[in-house]
Amino acid sequence: MIVLALAGFFTGCATPAYVRGLDRILAAQSLNNPGSLDYRCTAGAHRGASVDHLENTLDALVAADRDDRYAFVEFDVQYSGDNTIMVYHDKRMLRLHGRLASVGDTPASELREITAGDMPEYREVMDRLTKKVNIEIKSQGDEAEDARLVDEIVADIRARKRERDVMISSISKHVVAYVSDAYPDIPTGLVFFLTSSTYLPVDALTRNLFDSAREVRADYLILYKANLRNIGNLIRLKPKDMTIIFWDFDDTIVMIHKDLSDRLWGTSAAAGLYQALRYRLAGLFR
């Protein structure tokens, strides 16, 4: 009777659309499941709803913000030639707009003209988004500029009183270390594309990956989906104070909840426990 009451409490409404099972993610990627890896995952939108809309555009980001399949929204920022913070992934506009011009050398007004209005400013994006966000700093290799960009982003986050809604991530270890040192209250993520452990899934290389993130005090390790080949070692060796995220599942980025410490930034321990119990009990009655 108690079990049925609990089941009714936790499964009274359907599991949120943004919740995925790691076993199903592995199956969708045609990867073998090395053991029982039925961990709960929380899905976000990578560069917005970038299957239905052009990536990192205001349309893509707002669509993701309104879509129940995503718990958070990820987007990329960098300076324009006149130091306006723009939302765009690539250094140059060749891939998406057929132009060799670099974002960092082109004034914001010209960027909007070249992209027919498809390159939004950071502030207009933040004015529209209500979900938690992962803001990736696209470093151009200038540490002073990177620090200035971080400072401006954090100042805006604080002015909006949205510190609990934001993680700052980067492929640049300098950027992550700077955020960790200057703004320890802001969660950070270190991004990796392909690493030696992607293709040589041995313990020493996997530990080196976590050590690299720990060196800059990153809270989240953000990996390209090819690293799922090493998922068994990554799960087994994951430190309790670090959470694993995988990116590039079409327009999806997923966070794995192995431990109760693996929570979406700004989520309380109580809420995390509730979500974990709900997922487990829902699984029993599916």
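The legends below describe several close-up views of a predicted model.

The model is predicted, so local features are given only where pLDDT is at least 70 and side-chain atom pairs count only at pLDDT 80 or more, whereas totals for chains, interfaces and linings use all residues. Residues are numbered from 1 along each chain as its sequence is written, and side-chain values use heavy atoms, with hydrogens and water left out.

**View 1. Helix α7 and the elements that cover its buried residues.** Helices (H or I, at least four residues) and strands (E, at least two) are DSSP runs, numbered from the N terminus. The expected span of a helix is 1.5 Å times one less than its number of residues. For the 17 residues of α7 this gives 24 Å, and the end C-alpha atoms are 24 Å apart, which agrees. Buried means under 20% relative accessible area, exposed means over 50%, and partly exposed lies in between (1.4 Å probe, protein chains only). The buried residues of α7 are Asp-146, Ala-147, Leu-149, Val-150, Ile-153, Val-154, Asp-156 and Ile-157. Their cover includes β3, β4, α6, β5 (132-137), β6 and α8.

**View 2. The crossing of helices α7 and α8.** Two packed helices are described by the angle between their axes and the distance between the axes. The axes of α7 (residues 143-159) and α8 (residues 173-182) come within 10 Å and cross at roughly 45°. That angle makes α7 oblique to α8; angles under 35 degrees count as roughly parallel, over 145 as roughly antiparallel, 65 to 115 as roughly perpendicular and the rest as oblique. Axes are lines fitted to C-alpha atoms, for helices over the stretch in contact, and angles run from 0 to 180 degrees between N-to-C directions. The crossing of α7 and α8 is right-handed, a term for the near helix being turned clockwise from the far one by less than a right angle. Contact means heavy atoms within 4.5 Å. On the α7 side, the contact is made by Glu-143, Asp-146, Ala-147, Val-150 and Asp-151, and on the α8 side by His-174, Val-175, Tyr-178 and Val-179. These residues divide into 5 nonpolar, 1 polar and 3 charged. Here Ala, Val, Leu, Ile, Met, Phe, Trp, Tyr, Cys and Pro count as nonpolar, Asp, Glu, Lys and Arg as charged, and the others, Gly among them, as polar.

**View 3. Val-176 in helix α8.** With 1% relative accessibility, Val-176 counts as buried. Beyond its neighbours within four places in sequence, Val-176 is in contact with Ser-170, Thr-188, Gly-189, Leu-190, Val-216 and Ala-218. Its C-alpha atom is 10.0 Å from that of Ala-147, a residue 29 places away in sequence.

**View 4. Ile-222 in strand β8 (residues 220-224).** Ile-222 has 2% relative accessibility and counts as buried. Leaving aside neighbours within four places in sequence, the contacts of Ile-222 are Asn-134, Met-167, Ser-169, Gly-189, Leu-190, Val-191, Phe-192, Ile-245, Trp-247 and Ile-253. Ile-222 and Ser-169 are 53 residues apart in sequence, and their C-alpha atoms are 8.4 Å apart in space.

**View 5. Thr-206 in helix α10 (residues 203-215).** Thr-206 counts as buried, at 0% relative accessibility. Apart from neighbours within four places in sequence, Thr-206 is in contact with Ser-197, Asn-230, Asn-233, Leu-234 and Leu-237.

**View 6. Arg-162 in the loop between α7 and β6 (166-170).** Arg-162 counts as buried, with a relative accessibility of 10%. Setting aside neighbours within four places in sequence, Arg-162 is in contact with Met-126, Leu-129, Thr-130, Lys-131 and Ile-157.

**View 7. Leu-31 in the loop between α2 (22-28) and β2 (40-46).** At 28% relative accessibility, this leucine, Leu-31, is partly exposed. Not counting residues up to four places away in sequence, Leu-31 touches Leu-26, Leu-228 and Arg-229.

View 8. Asn-83 is partly exposed, with a relative accessible area of 40%. Ala-116 is exposed, with a relative accessible area of 69%.
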